[in-house]
Amino acid sequence: MSADRPEIPRRALLAGFAASPIAAFGIGVFSRAARAEAQSAGLITPNVCMVMPEVTEGPYYLGEGLVRSDITEDREGVPMRLRMQVVTASCEPVPGARVDVWHCDAEGNYSGYARQGSDRRADTRGETFLRGTQMTGDDGVARFATIYPGWYRGRSTHIHYKVYLDDRSVLTSQIFFPDALSQVLFRTRPPYNARGESDTRNRNDRIAQRAGEGAYAAMREEPGGYDAALVVGIDAGI
């Protein structure tokens with residue numbers, strides 16, 4: 001911990017965040033005191049900070065080592081800045097961790113595979129949109145520029161990620177988003193509104209339920225788009 005950062009009983013801090021019903025929904029509405037306390041602890045959000053549970057990788061990981069912060073390419077959608085802070089179980093930032101992310105576009109398609117989307121008709125083989133890798137800085141944060149994910153049948157809105165330490169995968173999980181925000185965007189914003197609301201909410205998504213409260217991004221509206229932040233706890237001793 002930095003010498004000029006006040007000592008905070010970190011486990012007590014985490015317990016306080018975990019007990020917050022606001023943090024549990026990940027909607028990004030936190031008290032000023034909670035934000036100040038998180039900032040003092042070096043965290044990018046007061047969202048629940050815990051060792052994240054492992055969930056399915058899914059069928060569309062490529063692991064091509066596309067080291068880039070802007071993963072948007074030609075995909076249309078609501079701009080979103082994604083910040084992921086990798087920390088230990090005691091919430092100390094982990095510098096130099098590799099973070100891979102990948103997600104579907106506004107039409108529910110992943111890049112790099114045939115039989116995409118809810119209708120399984122799109123062929124995106126050879127494409128690399130909405131995939132990328134970044135290393136965490138001294139603050140444990142990896143940053144990406146992307147778009148708000150769309151949806152496909154049977155899943156709530158999500159982003160996949162993997163965290164590596166020294167070429168060793170230590171966590172595979174997913175990030176989830178507030179249903180209320182997703183449905184508003186899907187009803188009103190192009191190109192999402194060409195498809196309308198998704199058929200699955202977080203409460204009906206078994207993977208979202210298994211990932212738990214700490215998997216919900218804290219969202220903040222910005223000019224032209226959104227900021228999504230998540231503190232990702234890992235067991236560095238695995």
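**View 1. Salt bridges, 16 in the count**. Here a salt bridge means a side-chain nitrogen of Lys or Arg within 4 Å of a carboxyl oxygen of Asp or Glu. What you're looking at is a predicted model, where local features need pLDDT of at least 70 and side-chain atom pairs count only at pLDDT 80 or more, while totals for chains, interfaces and linings use all residues. Residues are numbered from 1 along each chain as its sequence is written, and side-chain values use heavy atoms, with hydrogens and water left out.

Start with Asp 74 and Arg 75, whose side chains meet in a salt bridge with N to O at 3.0 Å. Asp 74 is exposed, at 52% relative accessibility; the cut-offs are under 20% relative accessible area for buried, over 50% for exposed, and partly exposed in between (1.4 Å probe, protein chains only).

**View 2. Arg 155 and Asp 205, a salt bridge**. The closest N and O atoms of Arg 155 and Asp 205 are 2.7 Å apart. Arg 155 sits in the loop between β4 and β5 and Asp 205 in the loop between α4 and α5, so the pair ties together parts that are 50 residues apart in sequence. The helix and strand labels come from DSSP runs, numbered from the N terminus: helices are H or I with at least four residues, strands are E with at least two. Is Arg 155 buried or exposed? Arg 155 is buried, with a relative accessible area of 11%. Asp 205 counts as buried too, at 2% relative accessibility.

**View 3. Arg 187 meets Glu 197**. In this salt bridge, the closest N and O atoms are 3.0 Å apart. The pair links distant parts of the chain, with Arg 187 in helix α4 and Glu 197 in the loop between α4 and α5, 10 residues apart. Arg 187 is partly exposed at 46% relative accessibility, and Glu 197 is partly exposed with a relative accessible area of 33%. Elsewhere, salt bridges that share partners make one network out of Arg 81, Arg 83, Arg 220, Glu 222 and Asp 227.

**View 4. The largest nonpolar core, with 45 residues**. A nonpolar core is a set of buried Ala, Val, Leu, Ile, Met, Phe, Trp, Tyr and Cys residues joined through side-chain atoms within 4.5 Å. Which members touch the most other members? Tyr 148 and Tyr 161 do. Elements that each supply at least two residues of this core include β1 (79-87), β5 (158-165), α4 (179-188) and β8 (225-233). A second, separate core of seven residues includes Tyr 60, Tyr 110, Tyr 152 and Tyr 164.

Now zoom in on helix α4. Its buried residues are Leu 181, Ser 182, Gln 183, Leu 185 and Phe 186, and the buried residues of α4 pack against β7 (218-222) and β8.

**View 5. Lys 162 and His 160 in strand β5**. Lys 162 is buried, with a relative accessible area of 6%. Its side chain joins that of Thr 172 in a polar contact of 2.8 Å. A polar contact is a pair of N or O atoms within 3.5 Å; within protein, one must be able to donate a hydrogen and the other to accept it, and residues adjacent in sequence count only if both atoms are side-chain atoms. Not counting residues up to four places away in sequence, Lys 162 touches several others, among them Glu 57, Tyr 61 and Arg 98; contact means heavy atoms within 4.5 Å.

His 160 is buried as well, with a relative accessible area of 3%. The side chain of His 160 makes a polar contact of 2.9 Å with the side chain of Tyr 110. Leaving aside neighbours within four places in sequence, the contacts of His 160 include Thr 56, Gly 58, Tyr 152 and Ser 173.

**View 6. Thr 88 in the loop between β1 and β2**. At 21% relative accessibility, Thr 88 counts as partly exposed. The C-alpha atoms of Thr 88 and Gly 140 are separated by 9.7 Å, and these two residues are 52 apart along the chain. Beyond neighbours within four places in sequence, Thr 88 is in contact with Val 94 and Ile 234.
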